[in-house]
Amino acid sequence: MKRVITYGTYDLLHYGHIELLRRAKALGDYLVVVLSSDEFNAGKGKKAYFSYNERRRMLEAIRYVDLVVPEYTWEQKVDDVRKYDIDVFVMGDDWKGKFDEQLAGLCEVVYLPRTPEISTTQIKNDMQQRS
């Protein structure tokens, strides 16, 4: 079984997220999504609209996702790859090159192109302009 892992906040879930998850799952048989915890987001100066548990439940309802686990630190990626016996690490291409060295020799690292016409930031900006 080929195991794939990806990371994210997945707030204001949209079709760009679904497309990323679909393409990540297509790289293997089992997809682990490591979801930023509320505490981790706070440490990054971010606050998600939905709580961790709400975002987790939404991700668990997506057919491409096999397991959702929390992200607490930037450094946990190596441990996650080992713990979940990961073959392929996937991130959006806005992170290109950021994890190659850290994960060298542990798994394949793949950066997928983002869906260009949609992002959570864009949704938030559009909503502000409408009000």
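This is a short chat about the fold of a predicted protein model.

User: What should I know before reading this model?

Analyst: It is a predicted model, where local features need pLDDT of at least 70 and side-chain atom pairs count only at pLDDT 80 or more, while totals for chains, interfaces and linings use all residues. Residues are numbered from 1 along each chain as its sequence is written, and side-chain values use heavy atoms, with hydrogens and water left out.

User: How many helices and strands does the protein have?

Analyst: Six helices and five strands. Helices (H or I, at least four residues) and strands (E, at least two) are DSSP runs, numbered from the N terminus. Along the sequence the pattern reads β-α-β-α-α-β-α-β-α-β-α.

User: In what order do the strands sit in the sheet?

Analyst: The order is β3-β2-β1-β4-β5, in an open sheet with parallel pairing. Two strands pair if DSSP finds at least two bridges between them. β1 (residues 3–8) and β4, for instance, pair over three bridges, and V4 stands opposite V88 in β4.

User: Why is one side of β3 and of β5 left without a neighbour?

Analyst: β3 (67–71) and β5 stand at the edges and each has a single partner strand, so one side of each has no neighbour in the sheet. From one strand to the next, the twist averages 25 degrees.

User: Which strands does α1 lie across?

Analyst: β1, β2, β4 and β5, and α1 runs at about 140 degrees to β2. α3 lies across β2 and β3, at about 165 degrees to β2. Axes are lines fitted to C-alpha atoms, for helices over the stretch in contact (heavy atoms within 4.5 Å). Angles run from 0 to 180 degrees between N-to-C directions.

User: New topic. How much of the protein is buried?

Analyst: Of its 131 residues, 44% count as buried, meaning under 20% relative accessible area with a 1.4 Å probe, protein chains only.

User: Which residues touch the most others in the largest nonpolar core?

Analyst: Y10, L21, L31, V33, L59, V65 and V90, out of 18 residues in that core. A nonpolar core is a set of buried Ala, Val, Leu, Ile, Met, Phe, Trp, Tyr and Cys residues joined through side-chain atoms within 4.5 Å. Elements giving two or more residues to this core include α1 (15–25), β2 (30–36) and α3 (52–60).

User: What does V33 touch?

Analyst: Leaving out residues up to four places away in sequence, V33 touches T6, Y10, L21, L59, V65, L67, V68 and V69.

User: And what does the second core include?

Analyst: That separate core has 15 residues, among them V32, F89, L103 and C107.

Conventions: Buried means under 20% relative accessible area, exposed over 50%, partly exposed in between (1.4 Å probe, protein chains only).
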